[in-house]
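Student: I am new to this structure. Can we go through it with a few questions?

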Amino acid sequence: PALWSDTIPNAEQHRQDFDRAVNARLEECYYKPYSEWCVAHNVELTGHPAGPMDIGTLKYFQMPGQDVVWRYLEPFQAKSLEGPQSTMGKCSASAQVNYGRDRNMNECFGAYGWEFTYEEMRWLTDWLLVRGTNMIIPHAFYYSTRGKRRDERPPDVGPNNVWWDDYKVYADYCRRISWLLAEGEQQCNTAILGTPIHLPWRAAKVLFENQHDFNYLDTDTLLSKAKVTGDGIAVGTMKYKMLIVDGEEAINPEVLDALKPLLDAGRVVSFRTEVAGVSQSADDVALMAELDKRVKPDVQIQPANPNIRYHHVLHGDTHLYFFTNEGPDPVDVQLKVSAQGAAAWWNPETAEIEQDLNPTQLALKPYTSRVLCVSPSA
């Protein structure tokens, strides 16, 4: 009865246990056999799981994925930073890092309706790219929209739409940023702890709005693949110096035992949740103060602006910062990045180097982005 009734004692815990059991069975009977067959036949398994927070099942995908559909995300609305759907971009991108994959994808725009605009398409694309998604699979291109075909998960985002003559600009833009992200090595020092079926969004929102990048680290990966020391958590190519606990879902004795070296070093902080033995940050300001005390900020802007997002990758010895404006108003701020060297802005829509723009000033209109290239000084 606890699955349906809130009056049953410990109903929420019973539901979480049930969800974990169903997910474990789904992995055993569905995802794992498919993945093994694909490996045996030299085929890459891709697609997306049922939910936007299902990071655990993505271990079986050679190319982890997610799905922006049904207007679950829209420009300038709270749901782009709040709720389960807001985690999907970082879900697939983090899975790529956690499981050592080369790419991660998103099947996007399905069932957004014929009212879907070019500006919305661009905003959603940037929402995904700046969170680390590096393959965009637009849904969908139809041979024909005659008759009932018109209403099959519209819109057509290709030849049957009003923007088709301008589509090459958009496609080239996606190609350039996808290359930048996929071929680069992400620079990130913070992880948020989750479970195979739950990824917290409250702390993630704070980090996004304060230009502090992160990845999700699920407990299965922590226990099976990560190396934890007093200096941080090593997973694949990543070395996280700080871990954020947001909620009690991921906390149990086994996890706390694995995190002991990091706990002893004071590099685990709990956000709005009291966890025994973990330093607690009661609000947004306290969380950022704790992070800034332990790790050097990668990006700093003045004045503060909650709508700027960024993703930092390293190509050889060259640092590339991808910036985008998720807000409805133009942004003009002073910018400081941690990378040292000669800096210049790149325009990812035209592939031009904009030598006349000040690299310490970030100016972005809505629906636009820029890349800051920082190379070693001569």
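Tutor: Asn-98 belongs to helix α2 (residues 88-98), where helices are DSSP runs of H or I with at least four residues and strands are E runs of at least two, numbered from the N terminus. The model is predicted: local features need pLDDT of at least 70, side-chain atom pairs count only at pLDDT 80 or more, and totals for chains, interfaces and linings use all residues. Residues are numbered from 1 along each chain as its sequence is written, and side-chain values use heavy atoms, leaving out hydrogens and water.

Student: Is Asn-98 buried or exposed?

Tutor: Buried means under 20% relative accessible area, exposed over 50%, and partly exposed in between (1.4 Å probe, protein chains only). Asn-98 has 1% relative accessibility, so Asn-98 counts as buried.

Student: Is Trp-4 buried or exposed?

Tutor: Trp-4 lies in the segment before α1 (11-40). Its relative accessibility is 71%, so Trp-4 counts as exposed.

Student: How far apart are the end C-alpha atoms of helix α4?

Tutor: The expected span of a helix is 1.5 Å times one less than its number of residues. Helix α4 (residues 167-183) has 17 residues and should therefore span 24 Å. This agrees with the distance between its end C-alpha atoms, 24 Å.
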